[in-house]
Amino acid sequence: MAKGPVLTSDDELPFDDLPVGEPDIDERLFFAEQPAKPSMAKAASAPPALGGEQHYHGHRERLRNRFRENGDGALADYEILELLLFRLIPRRDTKPIAKALLDRFGTLAAVFGAPAGLLQEVKGIGETVALDLKLIAAVAQRTLKSELRNKQVLGSWSSVIQYCHAAMAHETREQFRILFLDKRNALIADEVQGRGTVDHTPVYPREVVKRALELSATALILVHNHPSGDPTPSRADIDMTKMIIDTAKPLGITVHDHIIIGKDGHASLKGLRLI
């Protein structure tokens, strides 16, 4: 006797392979009006829902209604994540998966900041769902970055910190990026100049200044992360910053600050009076 279709790593069974009579549930109808319930006679003749869907289908609708009527403030972090996973994993109880993600990574920000490979180590998360979560994280980062476009960056400092934290706080390796600014201190470009190990990234002051000249930038904000989580600047961080300042200053390029991003905060070398 032939076996039925094999579930994917995300337990997403293609619609074309559903058994005859299986309801065609499309999670994209998130806020759509619900169709009329079938008559009792038809309901009695329908086969049981695949994977015990009847067990959690009512829960999904109740959670949606709470979000629809009261917004995200009415939901715990795991419920927000569960609500999202409804759409990514249509035919499974996603509450255990949402809780497992938060248990593993600690916070919603850490879930979305985690590398796709680590996300897939959580039971129920396959490659497709992991990439979808990273796509959502990318949209959030682009949204924050768009807040800096055509604005005086030094006057939008909280937006700078929010963007850098979203982009770098949960990276597992050190990353050195530069915000290049024009004479109005508006953002010209945001570029990652180097990636290193868990505690070191090679930085070459001449290359930093060369790129600034190519972009006609007159000011820079240096940013890098500490994967350890502690944003306290090291002696090497301070010395490297001073080298870049000394290289850039004769060419009319100002280094406004060097920000170090940790998982739970940040440090400003200018704010600490280290530069």
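In helix α7, the residues V129, A130, L133, A137 and K145 are buried, where buried means under 20% relative accessible area, exposed means over 50%, and partly exposed covers what lies in between, with a 1.4 Å probe and protein chains only. Seen down the axis of α7, these buried residues fall within an arc of 165 degrees, so they line one face of the helix; the arc is that of the directions from the helix axis to the C-beta atoms. On the other side of α7, L135 and R142 are exposed.

Before I go further, a word on what we are looking at. This is a predicted model, in which local features need pLDDT of at least 70 and side-chain atom pairs count only at pLDDT 80 or more, while totals for chains, interfaces and linings use all residues. Residues are numbered from 1 along each chain as its sequence is written, and side-chain values use heavy atoms, with hydrogens and water left out.

Helices here are DSSP runs of H or I with at least four residues, strands are runs of E with at least two, and both are numbered from the N terminus. Staying with α7, this helix has 20 residues and reaches 28 Å from its first C-alpha to its last, close to the 28 Å expected at 1.5 Å a residue, the expected span being 1.5 Å times one less than the number of residues. Which elements do the buried residues of α7 pack against? They pack against α3, α5 (108–113), α6, α8 (157–168) and β2, where contact means heavy atoms within 4.5 Å.

Are R177 and D190 buried or exposed? Both R177 and D190 are buried.

The two strands that carry this pair also pair with each other: β1 and β2 run in the antiparallel sense over seven bridges, and strands are taken to pair if DSSP finds at least two bridges between them. Together β1 and β2 form a hairpin with five residues between them, and N185 in the turn has a positive phi of about 65 degrees. Across the pairing, I178 stands opposite E191 in β2.

Two further salt bridges deserve a moment. R66 forms one with E79, the closest N and O atoms being 3.0 Å apart. R66 lies in helix α2 (residues 54–70) and E79 in helix α3 (residues 77–88), so the pair ties together parts that are 13 residues apart in sequence. R66 is partly exposed, with a relative accessible area of 32%, whereas E79 is buried at 9%.

The other is between E121 and R104, whose closest N and O atoms are 2.9 Å apart. E121 lies in the loop between α6 (116–119) and α7 (127–146) and R104 in helix α4 (residues 95–105), so this pair ties together parts that are 17 residues apart in sequence. E121 counts as exposed at 51% relative accessibility, and R104 as partly exposed at 38%.

N225 is found in β3 (residues 219–225) and is buried, with a relative accessible area of 0%. The side chain of N225 reaches the backbone oxygen of R173 at 3.1 Å, and the backbone nitrogen of Q175 lies 2.5 Å from a polar atom of that side chain. Leaving aside neighbours within four places in sequence, N225 is in contact with M168, E171, R173, E174, Q175 and I261.

Finally, helix α9 (residues 205–214), in which P205, V208, V209 and A212 are buried. These residues cover an arc of only 90 degrees around the axis, which puts them on the same side of α9. What covers them includes β1, β3 and α10 (235–248). Just after α9, S216 takes a positive phi of about 60 degrees.

Conventions
A salt bridge is a side-chain nitrogen of Lys or Arg within 4 Å of a carboxyl oxygen of Asp or Glu. A polar contact is a pair of N or O atoms within 3.5 Å; within protein, one must be able to donate a hydrogen and the other to accept it, and residues adjacent in sequence count only if both atoms are side-chain atoms.
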